[in-house]
Amino acid sequence: MHPQYPSPRLLLLAIAAITGVSFAAESTTTVSTTTPVATLCVATATSGAFFDLRPDTAVIVAEGEKHHKGIHTEDYVARGWDYGSNFTLNICDAVVKKIGDVVGLEESLWRNVSAYYKVEGKVYSLGQQSGELVPRGRKLVLQYTGGSPCGSSDKKKYKRHAILEGATHKSHELESRSWGSSKKDDDDDDDKDKDKGKEKEKEKEKEKEKEKEKEREKEKEKQKQKEKQHRRKSATISFLCDHDPDTPTAASFVGTDPDECAYFFEVRSQHACAGAEPHKKGSVGPGSVFVIIFFIAVLVYVMGGVFYQRTVAHARGWRQLPNYSLWAGIWSFVKDLLVILTSSCARCIPGRRGYRTLSVSPSGAHRGREDENRLIDSLDEEWDD
């Protein structure tokens with residue numbers, strides 16, 4: 001008995017299954033676990049709008065180097081108007097101008113200041129550099145935090161509250177004293193010693209209460225000082241879209257809170273307008289996606305047509321292709337068109353072997369006929385010979 005070998009079709013299916021399994025295994029093992037790195041000063045909204053404010057960032061240009069047109073080399077200045085001082089800031093980076101002696105910041109953090117203002121020669125920081133843009137609707141928001149310590153507007157309220165507490169405390173003491181004196185007058189002489197002992201105890205209790213109140217006040221002051229140390233100035237920048245390309249990027253001061261901890265600015269820029277995200281290297285673009293879809297559609301069309309023609313119509317050879325008669329007719333049409341074009345081009349080639357062009361002008365029509373007759377006669381003689 002001859003050994004039975006599997007059919008070629010089964011072998012092909014087995015090879016495809018094995019390669020598919022190995023490819024799947026390789027794809028699962030080569031999955032990258034690295035997280036994508038966010039680009040600074042770039043944001044994509046949930047609606048798909050893309051924002052890139054990197055052209056608005058002021059950069060430092062070394063001496064002797066030429067910078068390209070449109071690159072900012074100076075910080076933005078926002079007038080404070082009624083605030084009393086102007087503000088200097090940069091977008092998504094530290095300020096270009098070097099500053100020193102920043103209030104409430106260590107020297108290592110001076111180079112990272114992105115916004116500041118000066119008052120009486122002192123530099124107050126409004127926050128450290130940050131490139132995290134946050135799209136909110138059609139606007140972009142950029143926030144700087146970790147600036148100089150900011151004060152509290154509750155100082156006057158606290159002083160008034162302490163004065164009122166002292167006044168009430170004194171009134172209570174006067175009432176207690178008057179009450180004690182009236183009670184002494186009404187008591188008998190025999191009970192004076194007892195009353196004096198009670199008064200001493202009450203005075204001791206009052207002194208203890210005073211000490212407790214002082215300790216509470218000290219704790220409150222410590223807490224407020226801690227809050228002042230933790231609270232620092234910050235800057236919030238809102239970007240507005242400006243479609244005019246000739247208008248330069250400009251910053252303006254909006255306002256601050258009563259504690260002078262949070263400052264608000266607006267920046268008008270053409271780069272704050274929503275756009276389409278550019279194509280990244282290594283990613284599939286729209287053109288390649290269209291080509292992939294086209295080839296998949298052609299492959300499905302051919303394979304589905306071949307399967308149908310082979311199984312249902314029982315066709316063999318080239319007739320297994322879908323719409324074979326249509327493609328064959330197109331090929332014959334192309335061949336006929338090529339024959340017509342070649343024949344028409346051959347007519348334009350000038351004649352040889354003694355043939356010459358005949359004059360067709362109206363004045364030489366009679367001469368042309370005579371020439372034709374002579375040519376025919378000469379040909380007839382040659383054939384007779």
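Reader: Cys150 and Cys261 form a disulfide; how far apart are their sulfur atoms?

Author: The model is predicted: local features need pLDDT of at least 70, side-chain atom pairs count only at pLDDT 80 or more, and totals for chains, interfaces and linings use all residues. Residues are numbered from 1 along each chain as its sequence is written, and side-chain values use heavy atoms, with hydrogens and water left out. A disulfide here is a pair of cysteine sulfur atoms within 2.5 Å. Cys150 and Cys261 form one, with a sulfur separation of 1.9 Å.

Reader: Which parts of the chain does the Cys150 and Cys261 pair link?

Author: Helices (H or I, at least four residues) and strands (E, at least two) are DSSP runs, numbered from the N terminus. The two cysteines of this disulfide are 111 residues apart and link distant parts of the chain. Cys150 is in the loop between strand 8 (139-144) and helix 2 (155-186), and Cys261 is in the loop between strand 10 (250-256) and strand 11 (262-269).

Reader: Is Ser234, which touches Cys261, buried or exposed?

Author: Ser234 belongs to strand 9 (residues 234-241). Contact means heavy atoms within 4.5 Å, and Ser234 touches residues including Cys261, Ala262 and Tyr263. Buried means under 20% relative accessible area, exposed over 50%, and partly exposed in between (1.4 Å probe, protein chains only). With a relative accessible area of 13%, Ser234 is buried.

Reader: Why is the disulfide of Cys41 and Cys92 right-handed?

Author: The sulfur atoms of Cys41 and Cys92 are 2.2 Å apart. The disulfide is right-handed because the torsion about its S-S bond is about 75°.

Reader: What relative accessible area does Cys41 have?

Author: Cys92, the partner of Cys41 in the disulfide, is buried at 11%. Cys41 is also buried, and its relative accessible area is 2%.

Reader: Is Cys241 buried or partly exposed?

Author: A disulfide joins Cys241 to Cys273, S to S 1.8 Å. Cys241 is in strand 9, and Cys273 is in the loop between strand 11 and helix 4 (286-311). Cys273 counts as buried at 15% relative accessibility. Cys241, at 30%, counts as partly exposed.

Reader: What pattern do the disulfides of the protein follow?

Author: A search of the whole structure finds three disulfides. With bonded cysteines counted along the chain, the pattern is 1-2, 3-5, 4-6.

Technical notes. Lists of a residue's contacts leave out its neighbours within four places in sequence.
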